[in-house]
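Subject: Structure handover, with notes on pockets

Hi there,

Here is the structure I promised to pass on to you. Have a look at it first, and then read on for my notes.

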Amino acid sequence: MLVLVAPGQGAQTPGFLTEWLELPGAADRVAAWSDAIGLDLARYGTEADADAIRDTAVAQPLLVAAGLLSAAALGDVVPGAVAGHSVGEITAAALAGVLDDTTALGLVRTRGLAMADAAAVTETGMAALLGGDPEVTVKHLERLGLTPANMNGAGQIVAAGTKEQLAALEADKPEGVRKVVALKVAGAFHTHHMGPAVDTLAKAAEALTPGDPDTTYVSNKDGRAVATGAEVLERLVGQVANPVRWDLCMETFKELGVTALIEVCPGGTLTGLAKRALPGVRTLALKTPADLDAARELIAEHAA
């Protein structure tokens, strides 16, 4: 059984879309998406520097576009399940047929702009904590006023809060935590700081007519499989200000009997977590088109 997963913000790097745009029809597809959402995805994905693509309003649509483009390059794939981390959930919703590609990109454009506006109110950020006991770490974060915004499993929790709170964390790490790594994001996502973005996204979602998933859609709210498009859309809205439970998604993958995991472009982060948390599951990250042949072989062995 194969699961397709899509990474979240922070996975982008300068020029990561360049080689994908050389595939037949890819440049035209991205140009059409760019026109539809009013953002030059090709330029940002090939020419922009790290600071430019760190901008939430740019990074989020860029990640969804890359995920959809790389998934399409795999050909006709029938995964047993799909899931996404943070903004990757919108990619997953499109892969599951809940939203068409253009609608998904329109929604993520609204999401990125709204979250950028919310992040501008207070100087906030996120940091990954490596190692330690989750219960001890969460209690420590709460004492510092931080939110455990991403429970990623495999010994990783991401904290989010104000710059002052994150500085206090650097000076006072939880017992057992080996390292605190600042993330390349522009705000405290999946916390109460994103409340205004939820309202904006909810209004945008009212105009959409989602389809029901045509494969198992695993939500990062609680790792549960969601059967209706309406509930998927409702969760996409609410998740902006609530923690990502990728640890529970991986538990669901185990229960479903997943035997292989492919992470769409820009792959690497979720594959790394899966290697530690899902022993025995074959993994592959789509980073460039050079990875497509190996991915197709894995699909042939594990897809329905």
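This is a predicted model: local features need pLDDT of at least 70, side-chain atom pairs count only at pLDDT 80 or more; totals for chains, interfaces and linings use all residues.

Let me begin with the largest pocket, which has a volume of about 640 Å³. Its lining is made up of 31 residues. If you want to find the centre quickly, go to Gln-9, Gly-10, Ala-11, Leu-183 and Lys-184, the lining residues that lie nearest to it. Several elements supply at least two lining residues each: helix 3 (50-54), helix 12 (269-277), and the strands 3 (124-131), 4 (147-153), 5 (156-162) and 6 (177-182). Helix 3 provides the largest share, with four residues. By residue class, the lining of the largest pocket splits into 16 nonpolar, twelve polar and three charged residues.

On to the second largest pocket, which holds about 280 Å³ of space. Here 17 residues form the lining, and Leu-4, Gly-75, Val-77, Pro-79 and Leu-95 are the ones nearest the centre. Helix 4 (56-73) and helix 5 (88-95) each contribute at least two residues to this lining, and helix 4 gives the most, with three. The classes in the second largest pocket come out as eleven nonpolar, two polar and four charged residues.

Notes. Residues are numbered from 1 along each chain as its sequence is written. Side-chain values use heavy atoms; hydrogens and water are left out. On a 1 Å grid over the protein atoms alone, a cavity is a set of points where a 1.4 Å probe fits but cannot get out, and a pocket is an open set with protein on both sides within 12 Å along at least five of seven lines; lining residues have an atom within 4 Å of a point. Grid points are joined across faces, edges and corners, and a volume is the space filled by probe spheres set on the points. Ala, Val, Leu, Ile, Met, Phe, Trp, Tyr, Cys and Pro count as nonpolar, Asp, Glu, Lys and Arg as charged, and the others, Gly among them, as polar.
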